[in-house]
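Please keep the sequence and the model in view while reading.

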Amino acid sequence: ALADKTGGRFILRIEDTDRKRLDDRAVHEILAALEWLGIAPDEGPEKGGAYGPYVQSERLPIYQAAAEWLLEQGYAYRCFCTPERLEAMRLAQQAVGGTPMYDRHCRNLDPEVARRRAEAGEQCVIRLIVPDEAEFRFQDPLRGEIVFDSRQVDDQVLLKSDGFPTYHLAVVVDDHFMRVTTAIRGEEWISSTPKHLLLYRYFGWEMPRIVHTPLLRDASRRKLSKRSGDTSIEWYRNQGYLPEGFRNFLTRIIWAHPEEKDVYPYEEYVRLFQIEQLSKAGPVADRDLLDFINGQYLRELDPGQFYEALDALLA
């Protein structure tokens, strides 16, 4: 809606750098869901665009070069800690009521010695150097100014031992080179934004506007998840909901129409939508509201359209 309203570009980027959780079916489901909803990306894996490739696993040399530059500039360091040491450290911190954070054991290693160890084949990751006694401030259009003390910010892993980046490095590099001006993501990423702000400073890049939206909730106001109900758009499609009705429902639970309407065309939502008006509370995925909205769209179908929708459902 924001891209349609401002003449911008809506980018679909496949973030597949966590190889342990990779599921090719998920990519297909994302593409199929967007197509069904009638939300076509302006740039993406299937559409192409000027700033591709749009699949992160096809962009590894870019991330690796970025991580090497951070090392050379003294903004990052190699860490050789084993998984066993990191787990023991985490458990010890939790035992005294602390928040698990890396203890910077490898931060003061001589960079040249660390480089030779890595070149000799010793496994390592590359971590971000978070300055001591610093303050991070950023503006969220929905939430106002957010402030973090650097003591709350971990020396984040940027490049894993397998050569793949973490989300934190990849999203900053990609957003910069893809000319992203606004990123809208869930509130669980608020605590990561200081790390991204620091990376933008280190690279000397302008940080895009970042908006953190609340997470969807189920009827019991718990975070919506696979354990708490049907969260797959494909499930709703198979139940016979119309794409126009379901899209209207999605906009309605995150945004209040100025005339308090529940049912309205997408074009009206685009025209009236303002980021600052998004709900700050966790929107509830109310099935009764969905049934009401979808029912209005069903009643507007003529017999030919109804049988066409029924045929698509039974196909």
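Two strands are said to pair if DSSP finds at least two bridges between them. Strands (E, at least two residues) and helices (H or I, at least four) are DSSP runs, numbered from the N terminus. The model is predicted, with local features needing pLDDT of at least 70 and side-chain atom pairs counting only at pLDDT 80 or more, whereas totals for chains, interfaces and linings use all residues. Residues are numbered from 1 along each chain as its sequence is written, and side-chain values use heavy atoms, with hydrogens and water left out.

The chain holds 12 helices and seven strands, and its C-alpha trace spans about 75 × 35 × 35 Å along the principal axes. Of its 315 residues, 39% are buried, a term that stands for under 20% relative accessible area, with exposed meaning over 50% and partly exposed lying in between (1.4 Å probe, protein chains only).

Strand 3 (residues 135-140) and strand 4 (residues 144-149) run antiparallel and are joined by six bridges. Three residues separate the two strands, which form a hairpin. Within this pairing, Gln139 has Glu145 of strand 4 as its bridge partner. In a regular strand the side chains alternate between the two faces of the sheet. Strand 3 shows a covered face with Phe136, Phe138 and Asp140, while Glu135, Arg137 and Gln139 make up the uncovered one.

Strand 1 (residues 76-79) has both faces covered: Ala76 and Arg78 are buried on one side, Tyr77 and Cys79 on the other. Strand 1 pairs with strand 2 (residues 125-128) in the antiparallel sense over four bridges, and there Cys79 stands opposite Val125.

Which residues of helix 3 are buried? They are Leu60, Tyr63, Ala66, Ala67, Leu70 and Leu71. Seen down the helix axis, these buried residues fall within an arc of 140°, so they line one face of helix 3; the arc is that of the directions from the axis to the C-beta atoms. The face turned away from the buried side of helix 3 carries the exposed residues Pro61 and Glu72.

The second largest pocket has a volume of about 510 Å³. Of the 18 residues lining this pocket, Leu242, Ala309, Leu310, Ala312 and Leu313 are the closest to its centre. A pocket here is an open set of points on a 1 Å grid over the protein atoms alone, where a 1.4 Å probe fits, with protein on both sides within 12 Å along at least five of seven lines; lining residues have an atom within 4 Å of a point. The volume is the space filled by probe spheres set on the points, which are joined across faces, edges and corners. Helix 12 gives the most to the lining, with seven residues.
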